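User: Hi! I am new to reading protein models. Could you walk me through a feature or two?

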Amino acid sequence: MAVETQIAEKRATRRFALRLPVAVNDGGNNGMLTAQTRDVSARGICFYMDSPLTTGADIEFTLTLPPEITLTESIRVRCKGKVVRVEDGISDAKVPVAAVIDEYEFLAES
């Protein structure tokens, strides 16, 4: 008799697979780092970076959500969160970094 196991989906909010530029500040001496999102949800984000961040590190990042997500106009959002996972990068490829979003604020267009 075969036993089938199902892995329950842990995500409680919808993820949007979006490739958006994001500016990341890891609080270090690196200043603002550039990255590109892999996916975004109301509670978290995964983005590709040139080099890994430290799991558990506090970060701040800013991105612009497009009209397809906001259902109005593009909206810039600044978020604070924490790195929860850094995936193994493939040589010469970007490193996927996942972070939880703890707080966010909408920014006025400049």
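**A loop residue and its surroundings**

Analyst: Happy to! Let's begin with L71, found in the loop that runs between α1 (67-70) and β5 (75-86). Keep in mind that this is a predicted model.

User: Is L71 buried or exposed?

Analyst: The general idea is to compare relative accessibility with a cut-off: a residue over 50% is called exposed. L71 has a relative accessibility of 72%, so it counts as exposed.

User: How does the chain as a whole look, and which pattern does it follow along the sequence?

Analyst: In sequence order, the pattern reads β-β-β-β-α-β-β. Of its 110 residues, 32% are buried. The accessible surface of the chain is about 7,700 Å², and carbon and sulfur atoms account for 50% of that surface.

User: Where is M32, and which residues is it in contact with beyond its neighbours within four places in sequence?

Analyst: For contacts, we ask which residues have heavy atoms within 4.5 Å of each other. M32 belongs to strand β2, which covers residues 32-40. Once neighbours within four places in sequence are set aside, M32 is in contact with A23, V24 and N25.

User: How far apart are the C-alpha atoms of M32 and V22?

Analyst: These two residues are 10 apart along the chain, and their C-alpha atoms are 9.7 Å apart.

Note on methods: Residues numbered from 1 in each chain as written. Predicted model: local features only at pLDDT ≥ 70, side-chain atom pairs only at ≥ 80, totals over all residues. Heavy atoms only, no water. Helix = DSSP H or I, 4+ residues; strand = E, 2+ residues; numbered from the N terminus. Buried < 20%, exposed > 50% of the residue type's maximum accessible area, 1.4 Å probe, protein only. Areas by Shrake-Rupley, 256 points an atom, 1.4 Å probe, with all protein chains shown as cover.
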